[in-house]
Structures are given as C-alpha cells and as structure tokens.
Amino acid sequence: MTDASDTSTAKPKTLTWESELNDEEGTWERTRSAYREPPPSDEADRYVIYGSHACPWATRVKMLIDMLGLSDAIAVIDSDPVFGVIEEDTQQTGWVFSEEYPDPLYGKSTLKDVYLLGNPEHDTKSTTPMLWDKRERRVLHNESQEMAPILHDLFRARATHPEVDLYPEDLRQAIDDLYADLYEPLLNGVYRAGFASKQEVHDEVVDGLFAKLDELEARLTSQRWVLGDRFTFADIILFPTLWRFDFVYNIHFKCSLRRVQDYPALSGYVREIYSWPVVKRSNSVELTRKHYYTSHYVINPHRLIAKVDLSWMDRAHGRDGLEQQAPHWFMVQA
Ligand SMILES: N[C@@H](CCC(=O)N[C@@H](CS)C(=O)NCC(=O)O)C(=O)O
C-alpha cells in the first residue's frame with residue numbers, strides 16, 4: 001500500500017477540471033494557463049492548434065483562423081468531443097484522441113501525452129486550445145485570449161483575407177476591457193455556476209451572470225456589434241458563450257433564470273452571426289451538446305443529453321436596421 005504522506009516518489013498529478021472543484025467552499029476555479037510563448041516566426045505549416053469541437057476558448061481561436069482565411073497556414077487538430085480517462089490511477093478525465101478524432105502527428109491517445117511529449121515536466125492542465133510548434137516539438141501557448149491577437153498580427157499578411165481586421169488599433173483597449181469585464185461573471189461564470197456544489201455559491205454566480213446578460217441586451221439593442229458598428233474579435237469573444245447558452249448552459253449548468261432566445265437583441269445577434277457559413281465551420285450544435293452532457297459526469301452522472309428545440313436559431317435575425325460593418329465574405333458560402 002502506498003503511504004499518501006510519502007511524496008518523495010509520487011508523480012505530480014495532472015490537473016483536470018475535476019481537481020479544480022473545491023468541495024469545502026462549493027466553488028470551482030479555473031487554473032491559469034501555463035504556456036505563454038509567441039511563435040518564433042511566421043512560417044506556414046510549422047504550427048498547429050490542438051483544439052476541440054466543443055471548447056468555447058478553442059472556438060474563439062478557430063473562428064479567428066477561419067475568418068482571416070488562415071487554415072492553410074495553421075491547421076487545427078480536434079480531439080474527441082467526449083472526455084476520456086487521461087490518468088489511470090486517479091481515473092481523472094480530459095481530452096483524448098480516438099479512431100474518429102485521431103492525433104495525426106504523433107498518434108497519441110490523450111492531449112496530455114502531446115503536452116508531455118513537448119515537456120516531460122508538464123504537470124498542469126492539458127487544455128485546448130494549445131499552440132504546438134511541429135519543428136521544435138513543443139507547446140508554445142495555451143491561453144486563447146493572448147494566442148488569438150498574436151496569431152492575428154503575426155499571420156495576417158499571409159491570410160487569404162488580409163483585409164479582415166479583427167483587432168483594429170483603435171479598438172484594442174476596448175476589446176481587452178470587454179474581455180476583462182465579461183470573463184468572471186459570464187464567460188467563466190457559466191462554469192462557476194455549473195460546477196458549484198453549494199446553493200449560495202451557485203445563486204450568487206447566476207445573479208451576476210444574468211445582470212451581465214441584461215447589460216449586453218441593452219447594449220446590443222442600439223448597436224449591431226458589441227463594440228459598435230464594426231465586427232471585431234470582441235464579438236468572437238462573446239458569440240460562443242451566447243450561442244451555446246440555451247442548449248448547454250441553461251440546462252446543464254442550471255443558468256436558468258432566462259434563455260438567450262428570451263432576449264430580443266441577444267438572440268438576433270446570435271442568429272445573425274450563426275447564419276454565416278464561416279461561423280458554422282467551427283460551431284457544431286451536435287458535437288457541443290455531446291461534449292458537455294457526456295463529459296461532466298459529476299453533475300450529469302447518467303450522461304443523458306437534453307433534448308432541445310433550436311428552431312429559433314434559424315429565424316430571421318431582424319437586425320438590418322442597425323448600422324454595420326462586417327466583411328462580406330463571412331456571409332458567402334464557400
Ligand atoms: N483560459 C484558457 C482556458 C482553456 C480551457 O480551460 N479549456 C478547457 C475546455 S473548454 C479544457 O481544455 N479543459 C480540459 C480539462 O478540464 O481537463 C483559454 O482561454 O485558453
């Protein structure tokens with residue numbers, strides 16, 4: 001039998017979402033991303049993004065790549081949407097590869113193994129999105145909010161649509177401020193609400209979250225995009241959370257005071273962005289539902305997937321009266 005107090009030979013445990021649950025406090029806290037290195041060059045086909053079909057953080061980076069037309073320069077490798085066991089002795093779960101979603105570079109069976117290939121000392125969360133350097137075989141970056149602007153600025157010149165500017169100089173500060181304002185209450189708030197294990201913790205997060213949605217509704221009633229009349233990365237920050245809200249967060253994470261479809265402006269905003277072919281590429285309802293309901297066994301032990309009526313998403317968005325500037329090519333079928 002192993003003595004738990006003997007740490008001399010114990011391997012460091014890899015963090016996963018389960019180890020971020022705090023039973024005593026009833027809270028859940030996301031670990032800070034550990035890898036923060038920009039790519040050393042702008043070479044095409046040297047870097048890949050390890051992503052996943054269901055992760056909103058990965059989706060933000062994938063939407064940026066698709067909207068600039070960078071998929072020839074930076075490929076995306078998606079892991080299986082369903083979490084599997086990544087650590088035998090603790091049975092903790094995380095991103096895995098499968099027959100349908102293989103790791104074409106190294107044939108690894110878990111994303112953690114790819115992290116370990118790049119860094120044998122890797123002992124923190126193995127998250128998506130992760131920017132990988134194929135030449136040096138190592139992880140460069142795994143924080144979407146910093147990775148996206150780095151890729152935008154470094155690779156935009158080689159994009160199919162270099163005219164698309166998702167980070168206009170004059171709005172950079174506003175984009176960063178919006179993220180800072182939305183992160184804890186809303187973008188991460190849905191997870192804090194869903195994984196809370198004490199009623200008062202859940203209630204408080206949910207109240208803060210809907211206060212933020214109410215603010216956004218007011219803002220998007222008078223303007224087309226979240227920072228005004230230009231579509232920018234700020235909208236890419238907001239969209240993945242709003243888009244999956246009704247069919248995942250509202251049910252699975254019990255963020256159920258209201259639905260996005262109950263907000264006229266927010267729902268029109270989601271419908272408009274989701275109507276673009278370039279957005280459909282990285283946002284799959286089926287894979288997203290499958291991921292959440294089947295991966296978080298702590299809050300959904302039987303892994304049943306909630307039935308949903310998504311007909312509202314395909315109705316006319318009704319936002320043509322508001323001034324707008326979004327690249328026409330987003331709306332064009334490839
Ligand atoms: N702050 C990070 C968060 C990334 C993150 O937590 N991704 C989740 C998926 S949505 C993940 O990979 N989780 C793996 C796990 O919990 O083991 C970012 O924005 O890139």
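Tyr50 has Met130 of strand 7 as its bridge partner. The model that shows this pair is predicted. The chain is assigned two domains, domain 1 (47-158) and domain 2 (174-331).

**Strand pairing**

- Asp133 is bridged to Arg138 of strand 8.
- Strand 7 and strand 8 make a hairpin, with four residues between them.

**Backbone geometry**

- Thr128 and Pro129 are joined by a cis peptide bond, with omega at about 0°.
- Pro129 sits in the loop that links helix 2 (111-118) to strand 7.
- Arg137 is not a glycine, yet its phi is positive, at about 50°.
- Arg137 belongs to the loop between strand 7 and strand 8, in the turn of the hairpin.
- Is Arg137 buried, exposed or partly exposed? Arg137 is partly exposed, because 13 other C-beta atoms lie within 10 Å, and the exposed class stops at 12 or fewer.
- Arg303 also has a positive phi, near 55°, and is a residue other than glycine.
- Arg303 lies in the segment after helix 10 (285-295).
- Arg303 has 12 C-beta neighbours inside 10 Å, so Arg303 counts as exposed.

- The C-alpha centres of domain 1 and domain 2 are 23 Å apart.
- Domain 1 puts 16 residues into the contact, and domain 2 puts in 21 residues.
- On the side of domain 1 that touches domain 2, helix 1 (56-68) and helix 3 (144-155) are the elements that give two or more residues.
- Which element gives the most to that side of domain 1? Helix 1 does, with eight residues.
- By class, this side of domain 1 holds nine nonpolar, four polar and three charged residues.

**Helix 6**

- Helix 6 covers residues 199-222, which is 24 residues.
- From first C-alpha to last, helix 6 reaches 36 Å. That is close to the 34 Å expected at 1.5 Å a residue.
- Which residues of helix 6 are buried? They are His202, Val205, Val206, Leu209, Leu213, Leu216 and Leu220.
- These buried residues pack against helix 4 (172-187), helix 5 (189-195) and helix 8 (264-274).

How values were computed: Residues are numbered from 1 along each chain as its sequence is written. This is a predicted model: local features need pLDDT of at least 70, side-chain atom pairs count only at pLDDT 80 or more; totals for chains, interfaces and linings use all residues. The expected span of a helix is 1.5 Å times one less than its number of residues. A residue is buried if 20 or more other C-beta atoms lie within 10 Å of its own, exposed if 12 or fewer, and partly exposed in between; C-beta atoms are placed from the backbone. Two residues are in contact if their C-beta atoms, placed from the backbone, lie within 7 Å. Domain bounds come from an automatic or database domain assignment. Ala, Val, Leu, Ile, Met, Phe, Trp, Tyr, Cys and Pro count as nonpolar, Asp, Glu, Lys and Arg as charged, and the others, Gly among them, as polar. Two strands pair if DSSP finds at least two bridges between them.
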